[in-house]
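I opened this structure to look up a few things about its inside. My notes follow in the order I made them.

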Amino acid sequence: MELVVNQINTLSTKNDSDLKKLKDFLRHEQEMLKTNAEQIPQALQALDPAQNALGIAFLLAAQCGAGVFPDQRQTFCYIGKFLRAADEQQFKKASVPVNAVCKYYAQMAIDEGQQARLQSLRPLRCALEKLRPDPETLTPVHTELIRVCLKAKAYTFAASVLDQPIYDISLSSPSCTQMTPQSFLCYFYYGAMVRIGLKQYTQALQLLLVVLTCPASCLSAIQADAYKKYVLVSLKINGELQPLPTYASHIVQRYAKSPSYVLDIAEAFKAGDLTALRRVVEEKTQALEADSNLGLAQQIVDSMQRHKVKMLTNTYLTLSLAEIATEIGWDESKAAEVEQLLFDMICEGEIRARIDGATENVSFEDDDGDMDAAMICKVEDRLQQIMGLAQRIAAFEHEVVSSEAYIRKTAALEGGGAAAAAAMGGYDLMDM
């Protein structure tokens, strides 16, 4: 172990050649490090997190992999300080052990309890920012950070990460060498759960769609759970089950048609039968609780009346509170509850209406369609985002179709048909 420490101190320079030699040396010594993991805590005391980041990352990865912790709490605190202080250049070169360390660190935080979870958020955010090649690239640390945020119910902290659009996972990038399909799916699935926790249902639906439209040759458990939440969120914000996009894989499309409690809930919601909807939710309580969907399902029950009220605005100009109660399936005597429901919907901008307290009549109003300055700025900003995204897509398409790999594959397929495809080893075009 003394030789390892000396090598780390000697080769931890700003020179890329020295860092490469150190990385190769530590890779070669991985088994020895795991075998002598009990000596690693002492070795770490002789190293500086800011100057010896590459070496410390390999030592910590070996220690965590061996599961040897003389004092786990002390190790947890050390990793947190290391992630904050580590040199970014060495951090990126040690992406594989750093990703492993972050995964162990996140699990330690979850196991230790709420205080440790909150304590781990800043270090993981620092690791994420140092590891990614640019803000638009997804790394495995993104997934671990959102997972801890979800367990800690630190939804606002997670939202600041989720607000950054992701356009690349760069599997060839040094910072993403361990990005797996599971890690990719979990990031967007956890993100959707955070958005649901913040009651940002539209954003949650978008993240769930990313999970459900990811190419798949077999159904992932993550996609199965995501579809259940997709159905419930879709009912809540749209008042109906939105079909999956046509580009979703046939595996997911087939699962969406198979019998499940969410489809029973969707059918009851579509029929507008509040009693039947409540009965389905009550009968499926155990399954809903097992999938952590009970709270969302109960919100669907509550939202049915709101959806019915919205539908009334398309048909009537004026109704009494008693008539609205009847239309949404309540007793006429619940005029006060109907008034409170309408008041909430008006305050939240769900409908435009005026309530006459003297006559107990409600007048529904059409949206005047006028846009204020804030709305105009919002539309202009959205148009700029759309134009920017269109340019990105065009540039990416040009990069793909002009690449040597694409030209070689398409030429082989067009020139030789099945024989060419066989010669290519059955190459999947999704690999291009």
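I call a residue buried when its relative accessible area is under 20%. The model is a predicted one.

Cysteines. I took cysteine 214 to begin with: its relative accessible area is 18%, so it counts as buried. Cysteine 102 is buried as well, at 0%. I then searched the whole structure for disulfides and found zero. The cut-off I used is 2.5 Å between the sulfur atoms.

Core. I looked up the largest nonpolar core, which has 111 residues. Leu59, Phe82, Leu83, Leu124 and Ile265 touch the most other members. A second, separate core has 16 residues, including Ile328 and Phe364. Back at leucine 83, I listed its contacts beyond four places in sequence: among them are Phe91, Cys102, Tyr105 and Leu124.

Helix 9. I checked the length of helix 9, residues 114-131. Its 18 residues should span 26 Å at 1.5 Å a residue, and the end C-alpha atoms are 26 Å apart, so the two agree. I noted a bend of about 30° at leucine 121, with proline 123 following within four residues. Both leucine 121 and proline 123 are buried, and so are Arg117 and Lys130. Among the elements covering the buried residues of helix 9 I found helix 6 (72-85), helix 8 (95-112) and helix 10 (140-152).

Terms used:
Residues numbered from 1 in each chain as written. Predicted model: local features only at pLDDT ≥ 70, side-chain atom pairs only at ≥ 80, totals over all residues. Heavy atoms only, no water. Core = buried A, V, L, I, M, F, W, Y, C linked by side-chain atoms within 4.5 Å. Buried < 20%, exposed > 50% of the residue type's maximum accessible area, 1.4 Å probe, protein only. Contact = heavy atoms within 4.5 Å. Helix = DSSP H or I, 4+ residues; strand = E, 2+ residues; numbered from the N terminus. Expected span 1.5 Å × (residues − 1). Bend = angle between axes of the 7 residues up to and from the residue.
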